[in-house]
Amino acid sequence: MKVRKQAAFTLLELLVVIIILGILSTVAVINYGATIEKGRASEAKSILPQLRTARNTYMLEHPGAMPVTDFSLLDVNPTTIPDDCSACCFFSYSITATQAVATRCRNNAGKQPGFRGSGEYRITLDFETGNFSGTPGRF
């Protein structure tokens, strides 16, 4: 009588596959977080020029007025451009006489910790030059 050898994976082979899958999933999660964070920064970079345009419009409509630092004077939607870190937004926005600033909230919507240690960072738009600046490597 012939004894048939059953084809099966050894424990070592299974452990190697599990380790490889773990490494791949870790890389995927890290890249996913970076992609999400870049999308949030892009949103902020699209809102800052809106603030610049609203400020410039106000200054044209009110010649001789002091530079605007209050959102209530501008024609902007406060629900899409919040001035505080509410539960629905990832950035809070502020304006000074010379720039618009988007500050990433420490805890974003859903109270999830943010990307790269959940620290705050800023993206700034200079009104005169139209150039963006901010925390290096963040946007």
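Student: How far apart are Glu37 and Arg40 in helix α1, counted in helical turns?

Tutor: About one helical turn, because they are 3 residues apart in that helix. A helix here is a DSSP run of H or I with at least four residues, a strand is a run of E with at least two, and both are numbered from the N terminus. This is a predicted model, in which local features need pLDDT of at least 70 and side-chain atom pairs count only at pLDDT 80 or more, while totals for chains, interfaces and linings use all residues. Residues are numbered from 1 along each chain as its sequence is written, and side-chain values use heavy atoms, with hydrogens and water left out.

Student: Why is the contact between Glu37 and Arg40 called a salt bridge?

Tutor: The term requires a side-chain nitrogen of Lys or Arg within 4 Å of a carboxyl oxygen of Asp or Glu. For Glu37 and Arg40, the closest N and O atoms are 3.7 Å apart, so the pair meets the definition. In general, side chains of opposite charge can pair when their charged atoms come close.

Student: Which other residue meets Glu37 in a salt bridge?

Tutor: Arg104, with 2.8 Å from N to O. This pair links distant parts of the chain, since Glu37 is in helix α1 and Arg104 is in strand β2, 67 residues apart. A search of the whole structure finds 2 salt bridges, and a network of them links Glu37, Arg40 and Arg104.

Student: What makes Glu37 count as buried or exposed?

Tutor: Its relative accessible area decides: under 20% is buried, over 50% is exposed, and values in between are partly exposed (1.4 Å probe, protein chains only). Glu37 has 3%, so it counts as buried. Arg40 has 18% and is therefore buried as well. Arg104 is also buried.

Student: How do you know whether Met66 is buried or exposed?

Tutor: Met66 has 66% relative accessibility, so it counts as exposed. Met66 is in the loop between α1 and β1.

Student: What makes Ala102 buried?

Tutor: A relative accessible area of 0%. Ala102 lies in strand β2. C-alpha to C-alpha, Ala102 and Arg122 are 5.5 Å apart in space, and 20 residues apart in sequence.

Student: How many aromatic pairs does a search of the whole structure find?

Tutor: The search gives 1. Phe91 and Tyr93 form this pair, with 6.4 Å centre to centre and 35 degrees between the planes. Rings of Phe, Tyr and Trp (its six-membered ring) pair if their centres lie within 6.5 Å; planes under 30 degrees apart are stacked, over 60 edge-to-face, and the rest tilted. The pair of Phe91 and Tyr93 is therefore tilted. Phe91 is buried, at 4% relative accessible area, and Tyr93 is buried, at 4% too.

Student: How do you know that the charged end of Lys45 sits over the ring of Phe132?

Tutor: The rule asks for NZ of Lys or CZ of Arg within 6 Å of the ring centre and within 35 degrees of the ring normal. The charged end of Lys45 is 5.0 Å from the centre of the Phe132 ring, and it is listed as sitting over that ring.

Student: How many residues has the largest nonpolar core?

Tutor: This core has 20 residues, and those with the most contacts inside it include Leu48, Leu74 and Tyr93. At least two residues each come from α1, β1 (91–95), β2 (99–104) and β3 (122–126). The largest share, 7 residues, is from α1. A nonpolar core is a set of buried Ala, Val, Leu, Ile, Met, Phe, Trp, Tyr and Cys residues joined through side-chain atoms within 4.5 Å. In soluble globular proteins, nonpolar side chains tend to be buried together.

Student: What pattern does the protein follow, read along the sequence?

Tutor: The pattern is α-β-β-β-β, with 1 helix and 4 strands. Of the 139 residues in the protein, 28% are buried.
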